[in-house]
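Visitor: Hi, I'm new to this one and would like a careful walk through it. Could you take me around?
Guide: Gladly; let us look at it together.

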Protein chains: 2
Amino acid sequence: MEKKPYHHGELKKALIENGIEFINQYGEEKLSLRKVAEKCGVSNAAPYAHFKDKDDFINAMQKYVMEAFMNSLTICVNECKDETQILSELGVCYVMFFYHNPLYFDFLFSRKSIQIRLSSDNSDIPPFELFRRTAKNVLGKMGISEENVRYKTTAMWALVHGLAALSAMPNIDIVWESEVRAIINSVDISDIKES
Amino acid sequence: MEKKPYHHGELKKALIENGIEFINQYGEEKLSLRKVAEKCGVSNAAPYAHFKDKDDFINAMQKYVMEAFMNSLTICVNECKDETQILSELGVCYVMFFYHNPLYFDFLFSRKSIQIRLSSDNSDIPPFELFRRTAKNVLGKMGISEENVRYKTTAMWALVHGLAALSAMPNIDIVWESEVRAIINSVDISDIKES
DNA sequence: ATACAATCTTATCAGTGTCAAGATATCGCA
DNA sequence: TGCGATATCTTGACACTGATAAGATTGTAT
């Protein structure tokens, strides 16, 4: 039975992990700094030593979840041997992440989240960048005009992102793993003629 | 200079319209019942005569915005003469609504919103129903297997919903009207062979 | 006209984000 | 080693929020 030390030691990390666990249970809109602080056994103002404000805290959690998502995607890309299938496999992985973690979708991709993200670090959103780059690669080798490569890249990106959005909704049970693959393949880009 | 009457007269309507205007300016997360009440020139507890709680109020605003969205979609469907183009025209209309009203996307389609919607009235989400029905109609006349009609319906639905999601994000300026049409047509379903 | 229901106000509660002031621990440097 | 600067944490406060209770005002039906 050790006494609680004045300094927590790893409070920043603990706050982030407990906050994410909370969001995964109850959703972002129920989250409060004070409850997370209490869960970490620390007073209400303690988080302000590590985060400027609540948005800063949310941004830190986002980075954490985004990294887990990106990790899952890059593993998928690296493990895929078949070049021609890499795009649909990446798509399936993208969708299934949110099928299994439905509460993460709004958290990562709500307008507010994207805004915080872009203002704190105005690079691109990593999974968007990866998907577009991959699609451009695959489509570039198909002898299509550059303009159509752009259109089809955006189309595949939107298709996958949209499937993820629908998968993350409650009571919309059209989508499970084998179906996702079939749906994505049903618009396989190699079939599309020039317009 | 008339004196303020004790009874507002059309408070419920005023609350809903002012609330929506507020969301369209500042986003849902900044909205508070008290501010909307004040804007209507009424005390903080007055809204509770018309709405059970905040979620009930949000649900009412959702219905209002959803109707505006559905209105735009049904006009599009009715005005479209060319049967073969009806799906892509509906898609363009779907996307452009959120391109022009980016703050409405999360408001209508966040997990929380869908949850409130489904719990208060467990029918389908109207624009989803309309899009799926239209897609099924168009695709049904193409001599494809029933299974593939299902897949391609979901694919077109997800594509359009995903484009809307991306269009509603800040600083993601890939999508304007002429491009949206080209993107959707770039995966026109008539080109897809059986798998 | 009188009883009843709907609408609105005032007052209050617990919970929230945020900040200031001060307590406590850690770290760098003499 | 010791001492001062700095990081971390607590307590206490402030304004704001959603929500409820009690009571005032108005509309309505009989």
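Visitor: How many residues does the contact take from chain B and from chain A?
Guide: The contact takes 37 residues from chain B and 37 residues from chain A, where two residues are in contact if their C-beta atoms, placed from the backbone, lie within 7 Å. This is a predicted model, in which local features need pLDDT of at least 70 and side-chain atom pairs count only at pLDDT 80 or more, while totals for chains, interfaces and linings use all residues. Residues are numbered from 1 along each chain as its sequence is written, and chains are lettered from A and ligands numbered from 1 in the order in which they are written.

Visitor: Which part supplies the largest share of chain B's side?
Guide: On the side of chain B that touches chain A, the largest share, 12 residues, comes from α8(B); helices here are DSSP runs of H or I with at least four residues, strands are runs of E with at least two, and both are numbered from the N terminus. By class, that side has 19 nonpolar, 11 polar and 7 charged residues, counting Ala, Val, Leu, Ile, Met, Phe, Trp, Tyr, Cys and Pro as nonpolar, Asp, Glu, Lys and Arg as charged, and the others, Gly among them, as polar.

Visitor: And how does α4(B) pack with α8(B)?
Guide: Helix α4 (residues 86-100) of chain B and α8(B) pack at an angle of about 25°, with their axes 8 Å apart; axes are lines fitted to C-alpha atoms, for helices over the stretch in contact, and angles run from 0 to 180 degrees between N-to-C directions. That makes α4(B) roughly parallel to α8(B), because angles under 35 degrees count as roughly parallel, over 145 as roughly antiparallel, 65 to 115 as roughly perpendicular and the rest as oblique.

Visitor: What classes do the residues of that contact divide into?
Guide: In the contact of α4(B) with α8(B) there are 9 nonpolar, 2 polar and no charged residues.
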